[in-house]
Amino acid sequence: MQAMPTRAAQAPEDLALYVHLPWCVRKCPYCDFNSHQSPQELPVAAYVRALAADLDHDLARWPGLALRPVTSVFFGGGTPSLFPPSAIADILAHASHRLDLAADAEITLEANPGTSEHGRFEGYRQAGVNRISLGVQSFDDAQLQRLGRIHGAAEARTAAESVAAVFERFNLDLMYALPGQDLAGALADLEQALALAPGHLSHYQLTLEPNTAFAARPPSGLPDDDLAAAMMDACLARLADAGYRHYETSAHALPGQSCRHNLNYWGYGDFLGIGAGAHGKLTLEGQVRRRWKLRHPRAYMAAAGGPDAVGGDDALAAADLPFDFLLNALRLADGVPAALFETRTGLPLAAIEPTLATARARGLLAPDPDRLVATELGQRFQNDLLTLFLPEARR
């Protein structure tokens with residue numbers, strides 16, 4: 001494959017901040033995130049100090065980041081709701097001191113119904129959080145037990161009602177194609193979620209990810225591909241009927257309720273990542289960089305958030321940029337303007353035009369020359385579409 005002509009990639013004006021809080025009460029058997037079982041006493045103060053030092057170190061290396069408005073903050077995990085509101089307030093206070101945190105920034109905290117004392121939601125609100133993402137997964141007690149969740153259906157409903165009483169913006173995570181689940185069961189779960197009136201719903205198919213307990217010991221009774229597809233189609237239709245727009249592969253939102261933080265990811269925006277295993281993507285000096293921190297909390301805290309906490313920091317090669325960009329952008333139902341490819345990567349669109357033509361000929365990519373957007377077929381077979389843009393596939 002010939003070397004691609006490049007220009008300097010243009011940094012987006014806005015910036016996002018991702019904060020990783022890596023502990024859970026118990027790791028779920030399907031989870032491949034960087035999460036670790038919580039020790040008997042969570043080292044809250046030490047970890048908050050490490051986060052502050054981590055942010056300070058990144059900003060000392062790239063001072064210009066402090067001048068870019070931060071339009072979203074996302075506390076992910078793990079289970080961030082294991083941390084008390086006072087710790088979240090301390091993290092946000094340090095971030096607002098060191099960064100240009102926009103007055104209307106979206107600040108999301110992931111919560112688990114089994115780890116959130118319901119009085120805490122008011123505390124999180126007072127700390128500065130204005131959006132909650134609640135990991136319900138199912139409203140069926142038997143399914144929750146199979147999934148290794150520490151909460152029951154009644155707790156899930158109570159937690160969601162408590163969130164709704166405090167926050168105008170909240171998301172529910174829901175899974176389908178669960179062990180032994182039929183079409184009626186998947187729709188029943190969805191109806192219970194809709195009854196709680198979330199502005200945003202993340203709806204995922206259970207998949208057996210590598211290096212998980214379920215991958216090593218698959219649960220029995222998983223729906224076959226045809227049944228899983230029927231569940232997806234029926235749930236998509238029900239969500240659309242309820243007024244939710246399917247704006248991203250696994251995300252549905254009422255008008256004005258799309259997740260701003262994740263839209264930044266999918267639009268190939270820039271984000272800082274702090275915390276054990278946190279990843280960041282930054283456009284610096286005309287290059288796109290992927291930067292990540294040490295995965296294990298003990299190693300991360302031992303490094304005290306300094307230079308030794310960095311697990312890696314790579315400038316992406318020109319050959320890798322098309323796949324990296326489209327892996328995100330093609331998740332969006334509306335795609336992105338074609339011109340954004342050159343702006344964000346520094347590559348001319350002509351560099352991938354032969355591959356775009358192939359994708360369009362296969363019906364995976366819309367023929368619109370002004371937008372990069374997957375067709376309905378391309379959304380359904382997204383892996384097939386994205387594989388076309390891998391460096392080895394374009395040789």
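Mentor: Let's begin with a term: a residue is buried when its relative accessible area is under 20%. Keep in mind that this is a predicted model.

Trainee: Which residues of α8 are called buried?

Mentor: In helix α8, they are Ala-228, Met-231, Cys-235 and Leu-239. They span an arc of only 60° around the axis, so they lie on the same side of α8.

Trainee: What covers the buried residues of α8?

Mentor: The cover includes strands β7 (169-176), β8 (200-205) and β10 (251-253), along with helix α6 (183-195). On the face turned away from that buried side, α8 carries the exposed residues Asp-226, Ala-240 and Asp-241.

Trainee: How do you know what span to expect for α8?

Mentor: At 1.5 Å a residue, 24 Å is expected for the 17 residues of α8 (225-241), and the helix reaches 24 Å from its first C-alpha to its last, close to that value.

Trainee: Now the cysteines. Why is Cys-24 called buried?

Mentor: Its relative accessible area is 11%, and the cut-off is under 20%, so Cys-24 counts as buried. Cys-31, at 13% relative accessibility, is buried too, because that value also falls under 20%.

Trainee: And how do you know whether Cys-31 is bonded to Cys-24 or too far for a bond?

Mentor: A disulfide needs two cysteine sulfur atoms within 2.5 Å. The cysteine sulfur closest to that of Cys-31 belongs to Cys-24 and is 6.3 Å away, so it is too far for a bond. A search of the whole structure finds zero disulfides.

Terms used:
Residues are numbered from 1 along each chain as its sequence is written. This is a predicted model: local features need pLDDT of at least 70, side-chain atom pairs count only at pLDDT 80 or more; totals for chains, interfaces and linings use all residues. Side-chain values use heavy atoms; hydrogens and water are left out. Buried means under 20% relative accessible area, exposed over 50%, partly exposed in between (1.4 Å probe, protein chains only). Helices (H or I, at least four residues) and strands (E, at least two) are DSSP runs, numbered from the N terminus. The expected span of a helix is 1.5 Å times one less than its number of residues. The arc is that of the directions from the helix axis to the C-beta atoms. Contact means heavy atoms within 4.5 Å.
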